[in-house]
Amino acid sequence: MKEPIITLQNIKKSYSMGSQELQVLKGIDLEIYEGDFLAILGPSGSGKSTIMNIIGLIDSPTSGKYIFNGAEVSFENDFSLSKIRNQTIGFIFQKFNLLSKFNALENVEMPLLIRGYTRKSAKPHAVKALESVDLLDRMHHKPVELSGGQQQRVAVARALAANPSILLADEPTGNLDSKSESDIMELFKKLNQEGKTIILITHSQEVASICTRVITIKDGEIVITK
């Protein structure tokens with residue numbers, strides 16, 4: 001039987017607010033498999049962003065187990081989590097987070113340079129990533145010279161450049177018009193068909209319907225799984 005690459009067992013997350021405790025996640029159980037195209041759907045304040053941060057090893061649960069590729073990582077130190085995150089997860093954000101002074105190629109190269117690549121060794125990886133999102137002809141354009149959809153494609157290429165096994169996308173179509181949203185979702189479908197595991201955080205039923213699996217979260221609990 002196929003083993004999940006990510007398992008969340010009774011994950012809870014709470015924050016102290018003065019003398020009160022705010023419980024954001026109330027016992028999440030979830031399995032994610034290699035090749036999944038999973039939407040985590042919910043309104044603002046439902047807890048979906050907190051789940052994203054925990055899955056992405058940006059935050060740790062208050063209690064529960066997080067098993068990643070067979071090893072429990074629930075309470076690993078920041079250095080260990082950072083190493084796993086950098087080697088296996090590519091992040092895509094709603095606001096693109098592109099650097100305005102640099103062109104598309106340089107923006108895609110940047111995370112590789114931070115990881116220790118030389119510019120010479122980073123460039124072919126960045127070019128290949130831009131090719132995979134059909135943006136080779138815009139590689140020397142700065143963000144201001146690109147449409148919103150093209151900027152998001154650059155952000156996807158940046159996440160792909162180091163060849164992560166998982167793509168974690170946080171409201172990736174939230175700042176796009178309907179045509180650009182459709183194009184980005186088609187790109188995600190293509191990447192998934194090529195073998196990428198994709199976890200997409202969204203408030204949009206329409207976006208979630210394009211994914212092959214959907215869980216709906218409300219008030220810190222999973223209420224629907226499809």
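The model is predicted, so local features need pLDDT of at least 70 and side-chain atom pairs pLDDT 80 or more, while totals for chains, interfaces and linings use all residues. Residues are numbered from 1 along each chain, and side-chain values use heavy atoms, without hydrogens and water.

Two packed helices are described by the angle and the distance between their axes. Helices here are DSSP runs of H or I with at least four residues, and strands are E runs of at least two, numbered from the N terminus. Axes are lines fitted to C-alpha atoms, for helices over the stretch in contact, with angles from 0 to 180 degrees between N-to-C directions.

The axes of H3 (residues 104-114) and H5 (residues 148-160) come within 8 Å and cross at roughly 30°. H3 and H5 are therefore roughly parallel, a term for angles under 35 degrees. In their contact (heavy atoms within 4.5 Å), Ala104, Asn107, Val108 and Pro111 of H3 meet Val154, Ala157 and Arg158 of H5.

The axes of H3 and H4 also come within 8 Å, but cross at roughly 125°.

A nonpolar core is a set of buried Ala, Val, Leu, Ile, Met, Phe, Trp, Tyr and Cys residues joined through side-chain atoms within 4.5 Å, where buried means under 20% relative accessible area (1.4 Å probe, protein chains only). The largest core has 38 residues, of which Val108, Leu130, Val156, Phe188 and Leu191 touch the most other members. H3, H4 and H5 are among the elements that each supply at least two residues of this core.

Methods: Angles under 35 degrees count as roughly parallel, over 145 as roughly antiparallel, 65 to 115 as roughly perpendicular and the rest as oblique. Buried means under 20% relative accessible area, exposed over 50%, partly exposed in between (1.4 Å probe, protein chains only).
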